[in-house]
Amino acid sequence: MMAVVSATSNGAHENALKEDKRGWLSKRAHFSHRWKTVWVQVKESQLLYGENEEKLMKTINLVGAVVETVEGRDGSFEWTISPKDRKRTFFVRAGCAAEQKEWMEAICEAQLRSTDHATNACVVQ
């Protein structure tokens with residue numbers, strides 16, 4: 001199933017925005033490829049993450065990032081975030097399909113609410 005969230009370039013989507021999304025997700029380590037639980041928060045056009053809510057030490061710029069689901073290799077609810085300004089792709093996963101959809105929609109909304117967003121539509125599968 002695919003959901004599309006549309007916005008006009010003048011920001012007409014503002015009335016439908018949720019509060020910044022935050023909570024625990026699993027993120028795959030860049031070199032070891034091991035999964036680690038991290039605290040994640042969508043804030044403005046950034047995805048912040050770290051050891052816990054007080055230690056959000058790393059940032060992923062969501063403006064222009066490509067966000068795609070990973071077709072279930074092992075039935076997990078995994079997706080990737082590929083920022084336009086970096087060569088690295090981030091692998092993230094949620095505990096269930098509903099949680100994955102909520103996170104992907106929050107990321108999509110963050111992209112759309114940025115004045116720098118590149119497109120007028122964001123697709124969440």
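This is a predicted model: local features need pLDDT of at least 70, side-chain atom pairs count only at pLDDT 80 or more; totals for chains, interfaces and linings use all residues.
Local features are given only where pLDDT is at least 70 and side-chain atom pairs only at pLDDT 80 or more, while totals for chains, interfaces and linings use all residues. Residues are numbered from 1 along each chain as its sequence is written, and side-chain values use heavy atoms, with hydrogens and water left out.

The chain holds 1 helix and 9 strands. Helices (H or I, at least four residues) and strands (E, at least two) are DSSP runs, numbered from the N terminus. Read from the N terminus, the order of the elements is β-β-β-β-β-β-β-β-α-β.

Of the 125 residues, 41% are buried. Buried means under 20% relative accessible area, exposed means over 50%, and partly exposed lies in between (1.4 Å probe, protein chains only). The accessible surface of the chain is about 7500 Å², and carbon and sulfur atoms account for 49% of that area. These areas come from the Shrake-Rupley method with a 1.4 Å probe; for residues, only the protein chains shown count as cover.

A contact means heavy atoms within 4.5 Å. Among contacts between residues at least 6 apart in sequence, 42% join residues at least 24 apart.

Most residues other than glycine have a negative phi.
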